[in-house]
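Colleague: Could you walk me through how to read this structure, one feature at a time? I would like the general idea each time, and then the case at hand.

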Amino acid sequence: MTYVRPKFRHPELQKNKLGYTVDYYEGALSTLCAGCGHDSISAGIIQAAYEMNIEPHKLAKLSGIGCSSKTPAYFLSNSHGFNSVHGRMPSVATGANLANRDLTYFGVSGDGDTASIGMGQFVHVIRRSLNMTYIVMNNGCYGLTKGQDSATADQGSKNKGGNVNLFESIDLASLAIELGATFVAQSFSGDKAQLVPLIKAAMNHPGFAFINVISPCVTFNNNVGSTKSYDYVREHIGATATVDFVPEMQEISIEYGKGTHKNVTMHDGSVIQLHKLAEDWNPLDRQSAMNAVINAKAKNEILTGLLYVNPDAHDLHDIIKTSDRPLNTLTKEELCPGSEMLNEINADLR
Amino acid sequence: MAGKTDKINDFVVRFANVNGTGSASANFLFTKAIFRMGVPVTPKNIFPSNIQGLPTWYEVRVSEKGYLGRREGIDLLVSVNPQSMLNDIKSVRTGGYFLYDSSKKLHAEYIREDINYIGVPLMQMCNEAYTDARQRQLFKNIIYVGALATLLDIEFNVLEDLLSEQFKGKEKLIPANVKALKLGVDYIHANYKYPLEFRVERRDLLKDKIMIEGNSACGLGAVYAGATVAAWYPITPSTSVVEAFMDYSAEFRVDKITGKNNFAIVQAEDELSAIGMVIGASWNGARSFTATSGPGVSLMNEFLGLAYFAEIPTVLVDVQRTGPSTGMPTRTQQSDIMEAAYASHGDTKHVLLFPSTPKECFESMLDAFDLAEGLQTPVIVMTDLDLGMNDHVSPPLTFDDSREYKRGKVLDAAALEKIEKFGRYLDIDKDGITYRTLPGTHPSKGSFFTRGTSRDEYATYTEDSAAYQHNMDRLIRKWDTAKNMVPAPQVYQKKNESKNGILFFGTSQYAAEEAMDILKEEKIVVDAIRLKSFPFNKDVEYFINSHDTVFVIEQNRDAQMKSLLMIELGVDPKKLISVLNYDGMPITADNILNQVKVNLRSSSKSLMSKN
Ligand SMILES: Cc1ncc(C[n+]2csc(CCOP(=O)(O)OP(=O)(O)O)c2C)c(N)n1
Ligand code: SF4
Ligand SMILES: [Mg+2]
């Protein structure tokens, strides 16, 4: 059985700058469980791409294996997608990006896909500063293989089978900051108001942008005692700041609550507006971001928002000085030294 | 005048050195001088998996007849390593020579009555001539080259020329080197009879031939093939493939105006990542490759299955070494054949190329990219340590400027415009090869979801049995198409001349051809075929079917190529007789002859007894 979303257009839907309505950014019908957090994130991605006026064919979406990694089929059907192998999406994204630096690369992974089998590739893609957005749909369990604990499951949390996780959990956001990721955010699948601007800002970031999204698995990890259930997250969420993405300097002034706000100018001149909740919050300060994440964890809180950003990020292409033109557009004339040169090489080998 | 027992241009010299003492360049100087004198010469590095301190050997065969395989029997051993001396002395053939550092007297136990000793006080001479400790170490090597030049009649000015080429830009270093050469020359002049009864005589046998390592040729081939993305993880003996690609790219691919690179090379965190990058880049339309050896191929298995099933061009160079496991990492073998042919779980098979010479390494890379993109599948270039890390006399590398890169069936925006509905896996041409699109081509047409899961012809996920099987059958159709696209084997005779044939591939070529010559001299005729690729085409099938017995020569224990022939062509196993070599050293003609003759004798006996 195949699942293709039936196409019907609502004439009243608003068009974005490119003339596309939001449904143009949708994908095939999701086959995930009803209520799965991952579907909410897909909806957020669709919304963000629509609002950012992304040309879908100028974006490539990549993933590993897992329920989470299936989602690229459920958004942006006009983008090329690549559902690779378990834990190895970062390497495929790296190769793709090296071949064509002009596209936007959007990676989706799960906590199993990233924090266990794919930990090596996750660490190294950060180290290389690949220009991509990397979203982990983090449900603290292996959804697709039916609910085993993952490495992000909190110590002491109970899984569906009633077993308590005995091991320390891996905190992906602080790890990413530690490893030098230049954009690290955390959010909750149920908080679209926060998630959409974060995704937009991540896609606009000129280096590696990581978003760890807590995404409850309704089937295997929404039980009492799980720290990644809807109820737990709603009760224990702590936001760093409310974030609003303002592309290309178009000032939108939305004030949330009574917090102060701070503008962060991105590399390309666009602005992320942060509404500070914590008095000492400075997303440009790596050290305090680290501290805040660690402190929140100690209090069993999930700190959400933009934790850290370095707007002057350099990506892999800058570092290894690849040509500004995408490598996949270079022709034989530009790439092949030709027979005359080969004769010279031969002569040197005699 | 050559005496009766004199052997011109036909001998083996082995150097016994210590790893990391600068012997490599001196030994290469020796080899290159013989090459420059127009005489076929084959050096083999026999080195430990170690950086400094362990024994290492360099064996040079000189062959007027142009035999470039290894040969047993050491005519002259140059000993500069006390550690291995006892065994080195044992390795010299009766009547052969042992050149050693006579700064210290040889122990009685080191004296063999049936060989000749040539003592040159290398250390003592160095200590007298040089003050710097490093120079004393390095010039020991050059002194013995000088001594050998006199003993073997190597032209001194050829050595001088090579030195001045080597130190171009550092001319200051030339006189000290020439001085060391002369020290060696003079010492032999003063103390020994020269030249030896085996020696070099100038010929013009090499014409336009070059001398290059297979790995350099592969790296250069990738540049000529238009590869722009290379990802790799270091492993002997494949590392120098990517290093060569790096060097040649730095030379030819840096934009003169912007200073930016028209290539990207990433040292990955492991081989899984390296092949993942290659797959990602190829999926996105760049020519991309990686190089590794057996352990790396083992790690790449899952990804190779993905590339096979999702149909993504992938070029991989496997420079084979001695397995299993870490095995003998600095010794040669052809033992990854099964692993490469069927890499990954499920029904998978991969296109393999088997180059024999550096020239073919270069061409294999050109072919590998055309085939990988033409067939949208992995192509594995199967070389080995012997070919990759030794200098080989090779025909010059050639490139036809009119050769275009065959990028395969890729639809551009204009082509997509004309299509009602794009189906990534629709077999429109009925050859099993379907049309692909690259990301970013067209705003509303041609996008699809690449996946390792089962899908229908429109790339939509499906678990429908018929659709799955339909796809698997198409992949076999593609495999059949591949048979006519891969390089055809080299068949040595126009018409069969014997009921017996020999079959070989890769670096067994030199030894096999030499063995054939010797058999011919003994009036034993065998037909021959050299495989260049997998899948096997009809020529391979015909060769095997039209002979009673086929000797399958290969360098592994388990007769992997024989298995592959049996599996893929349904050959009667009794027909295929294995000639195997798996001691980690390159195969020799003698070894082949012994195994072939034993079997020929026993089969003729059994024929007679039947009558
Ligand atoms: C090499 C390999 N090992 C194991 C599996 C089985 N497997 C599929 S998905 C998965 C875990 C997925 O967990 P996660 O990444 O957290 O995704 P989720 O389903 O929770 O969204 C595993 C172990 C596999 N596909 N490949
Ligand atoms: S099993 Fe869990 S993660 Fe997977 S689709 Fe269902 S709810 Fe989502
Ligand atoms: Mg999970």
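Colleague: How much area is buried between chain B and chain A?

Modeller: Buried area is the accessible area (1.4 Å probe) that two parts lose on being put together, summed over both. Between chain B and chain A that comes to about 5300 Å², with carbon and sulfur atoms giving 61% of the area. Bear in mind that this is a predicted model, in which local features need pLDDT of at least 70, side-chain atom pairs count only at pLDDT 80 or more, and totals for chains, interfaces and linings use all residues. Residues are numbered from 1 along each chain as its sequence is written, chains are lettered from A and ligands numbered from 1 in the order in which they are written, and side-chain values use heavy atoms, leaving out hydrogens and water.

Colleague: How many residues of each chain are in contact there?

Modeller: Contact means heavy atoms within 4.5 Å. By that rule, 71 residues of chain B are in contact with 61 residues of chain A.

Colleague: And how many salt bridges does the rule find across the interface?

Modeller: The rule asks for a side-chain nitrogen of Lys or Arg within 4 Å of a carboxyl oxygen of Asp or Glu. It finds 3 across the interface of chain B and chain A. In one salt bridge, the side chains of B:E269 and A:R128 meet at 2.7 Å, N to O. As for elements, α9(B) provides the largest share of the side of chain B that touches chain A, with 8 residues; helices (H or I, at least four residues) and strands (E, at least two) are DSSP runs, numbered from the N terminus.

Colleague: Which residues coordinate the magnesium ion (ligand 3)?

Modeller: Donors are N, O and S atoms within 2.8 Å of the metal (3.2 Å for Na, K and Ca); water is not among the atoms, so sites may look incomplete. Here A:D111 (OD), A:N139 (OD1) and A:C141 (O) coordinate the ion at 2.1 to 2.2 Å. Since A:D111 lies in helix α4 (residues 111–115) and A:C141 in strand β5 (residues 141–142) of chain A, the pair ties together parts that are 30 residues apart in sequence.

Colleague: Are A:D111 and A:C141 buried or exposed?

Modeller: Buried means under 20% relative accessible area, exposed over 50%, partly exposed in between (1.4 Å probe, protein chains only). Both A:D111 and A:C141 are buried.

Colleague: Which residues touch the most other members of the largest nonpolar core?

Modeller: Such a core is a set of buried Ala, Val, Leu, Ile, Met, Phe, Trp, Tyr and Cys residues joined through side-chain atoms within 4.5 Å. Among its 139 residues, they are B:F289, B:I544, B:M561 and B:L565. Helix α12 (residues 358–375) of chain B gives the most to this core, 9 residues.
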